[in-house]
Amino acid sequence: MVLEITKPKDYIDVAVSLSKELAQSAIERDAKAGIPEEEINKLRESGLLSLIVPKQYGGIGATWIDALKIVRKLSKADGSIGQLYGNHLNLTALGHVSGTPAQKEKYYRETAKKNLFWANAINTRDTRLKINPEGENFRVNGVKSFGTGISVADFRVFSALEDGVELPFIFIIPKDREGLISNQDWDNIGQRRTDSNSYTFNNVLVEKDEILGPPNPPDSAFSTFLGIIAQLTKTNVYLGITKGAFAAAREYTKTTTQPWITSGVDSATQDPYILHHYGDFWVEIQAAIALADQAAEKVQAAWDKDAELTHQERGEVAMPAASFANAVSASKALATRVGIDITNRIFEVTGTRATATKYGFDRYWRDLRTFTLHDPVDYKLRAIGDWLLNEQLPVITQYS
């Protein structure tokens, strides 16, 4: 049974309820790793898979502002499901941003009608996957890394290179396409339930209309805008994980942490140093959330322009322009810094016993440390500095 969602309060309530449910088994699932079938089934039942599909195609039609807040809520319970769901939302809009009008309609409608889940291994820096024409269609061979959630996805998105062609092909194939093998090699310290294995392609068929695009117009700023949305999506995963760590530590401190012997107080909640840490945590989190929410408003305003979005406007959303101080690159940089700091420092306010495996407090740092390495935040800060001092817009890449 799939829940019917008709208005914003419905999907926000559903997300809160699902987050609470996922939190109950998060430690166990993190330890187990493996394929996230349970989590994706719960997402299917929740009705949230068509969240950003426009209403005219049968979807819920939520804004990115609301969608990113839901990514944050789910990530608070489990960073892996937050990443999987955030990726899914981005990919459901792929046909809209980078595809033909026919692909936009097809993928929006099918996602909503069939309640489909999307996943990808686009990573254009991995050039081992090769695509070659075969009559009107194509064949793909080689290996592709970081196939996050591919094993449970209905639509699977990949990038591959053709010899002699500079730009990669982006293609979308269904779950039942033959010749695709999971190498089961995802054994990282964090985001363990994303199932981000590499995949081997053995002469996999790709039909010509499964190749994405070209968008219309092909040189539009909007055709590359999903990269910016993806960066802000990751930012909200980071913030959700950080909020989850803060909430878990706060509850432990209130119920279990003992005051230090020279503190002069009877309760850890009266310890002056613990109080100072929590005050510091709170200020950092609120600042990072405010920056992310302001960036989301900029993203939504740019999204609403659709094909009319200019390259100047795209660049100004990507980073702080003279007319505003908050945008995606700044938000991601701050969320990374705050998240790594707080998920490490929670042990200073919980104590030695909190390192017991049963509490799972380490998973917040492990998830953040793993996922924040997706692309170097140093380059975000460098690009911001280049704008501030030289008024240079960022180079358009998969990561900016």
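Biologist: How many aromatic pairs does a search of the whole structure find?

Modeller: The search of the whole structure finds 19 aromatic pairs. Rings of Phe, Tyr and Trp (its six-membered ring) pair if their centres lie within 6.5 Å; planes under 30 degrees apart count as stacked, over 60 as edge-to-face, and the rest as tilted. One of these pairs is Phe171 with Phe201, which is edge-to-face, with 6.4 Å centre to centre and 85° between the planes. This pair links distant parts of the chain, as Phe171 sits in strand β5 (residues 169-174) and Phe201 in strand β7, 30 residues apart. Strands here are DSSP runs of E with at least two residues, numbered from the N terminus. Phe171 is buried, at 0% relative accessible area, and Phe201 is buried too, at 1%. Buried means under 20% relative accessible area, with exposed over 50% and partly exposed in between, using a 1.4 Å probe and protein chains only.

Now look at Phe222 and Phe225: their ring centres are 6.4 Å apart and their planes meet at 15°, so this pair is stacked. Phe222 is buried, with a relative accessible area of 3%, and Phe225 is buried, with 0%. Together with Trp64 and Trp303, Phe222 and Phe225 form one aromatic cluster.

A word on the model: it is predicted, local features need pLDDT of at least 70, side-chain atom pairs count only at pLDDT 80 or more, and totals for chains, interfaces and linings use all residues. Residues are numbered from 1 along each chain as its sequence is written, and side-chain values use heavy atoms, leaving out hydrogens and water.

Conventions:
Helices (H or I, at least four residues) and strands (E, at least two) are DSSP runs, numbered from the N terminus.
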